[in-house]
Amino acid sequence: MTEAVAADAAAGPSVTAPDGGGAGGWLRLAGIHKQFDDGTAALSGVELTVARGEFVSLLGPSGCGKSTLLRLIAGLDTPSAGQVIWQEPPKKGDIGFVFQEPTLLPWATAGQNVALPLRLAGHGAAARREQAGAALAAVGLEGFSRHYPHSLSGGMKMRVAIARALVTAPPVLLLDEPFAALDEMTRHELNDDLQQLAVNRGLTVIFVTHSVAEAVYLSRRIAIMSARPGRISKVIPVDFPAPRASGFRHQAEFGKLCAEISAALRAG
Ligand code: ADP
Ligand code: MG
């Protein structure tokens, strides 16, 4: 089983909604601490609220607990203290997860890889084919259903991974440095496509990256994390209308925000 499928399978029941979200936001991370069994303190007092349909990036130094926090949000692991509070508790298949590596099964076609979460959920072959085909088309890979991963470029493999995360039509998409291994042009293309998907589907996106420019381009808000044990040291809004186009990268506001965020990262 791939990690992405495990995320889907685990998303529902392990994430709780004790207080209904209320004034605290659609998703609220309340006082989250995480200490691993070996004593490593990964997170300490993480506080963040996320609105429905919002695109929020987590930006922070390597090892500050970004992946750990994303796994807690997905319900793949539990906090040592504090709570992940959803206004509407996610059901199975309601949280899509995209990892840095596409984690595709090499012996399965793109279509079969995308359909895997549906297969595990017991959907029939015809429904799987139809929904996997639609998910591939949504990421610009119409007609690639029968291709095997080895015949796809790095960017196309990542598109397949995104299609697999979206095949159950989840309202929430979590991405953990998904484009870090891609060349800049491919990364920009995927940024634009992700942005479009998020807008079209009204997705709530939590996006982990260590690229300041990528975070500014995509996000409505950027949560800066301090070094381990991580907490959110600053939340910076990107008050620029979405969807954004490549010209945004050349505007003065863009450069100014990037500089401000880099300074906040350095300050920790
Ligand atoms: P990031 O994604 O920001 O680079 P991680 O969330 O992967 O950081 O890790 C945060 C810290 O927790 C690191 O010091 C890492 O080594 C540690 N860590 C992550 N997972 C485990 C684990 N399962 N057991 C022990 N320590 C872990
Ligand atoms: Mg990580």
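The model is predicted, so to speak with care: local features need pLDDT of at least 70, side-chain atom pairs count only at pLDDT 80 or more, and totals for chains, interfaces and linings use all residues. Residues are numbered from 1 along each chain as its sequence is written, while chains are lettered from A and ligands numbered from 1 in the order in which they are written.

**Ligand 1**
- Around ligand 1 sit 13 residues, each with its C-beta atom, placed from the backbone, within 6 Å of the ligand.
- F36, A42, K66, S67 and T68 are the closest.
- Helix α2 (residues 66–74) gives the most to this shell, with three residues; helices are DSSP runs of H or I with at least four residues, and strands are runs of E with at least two.

**Residue H33**
- H33 belongs to strand β1 (residues 27–35).
- H33 counts as partly exposed because it has 16 C-beta neighbours inside 10 Å; 20 or more would be buried and 12 or fewer exposed.
- H33 and L43 are 10 residues apart in sequence, yet 4.9 Å apart in space, C-alpha to C-alpha.

**Helix α8**
- Helix α8 (residues 252–267) has 16 residues and reaches 23 Å from first C-alpha to last.
- L257, I261 and L265 are buried in α8.
- Seen down the axis of α8, its buried residues fall within an arc of 75 degrees, so they line one face of the helix; the arc is that of the directions from the helix axis to the C-beta atoms.
- On the other side of α8, the exposed residues include K256 and R266.
- Just after α8, G268 takes a positive phi of about 80 degrees.

Technical notes:
Expected span 1.5 Å × (residues − 1).
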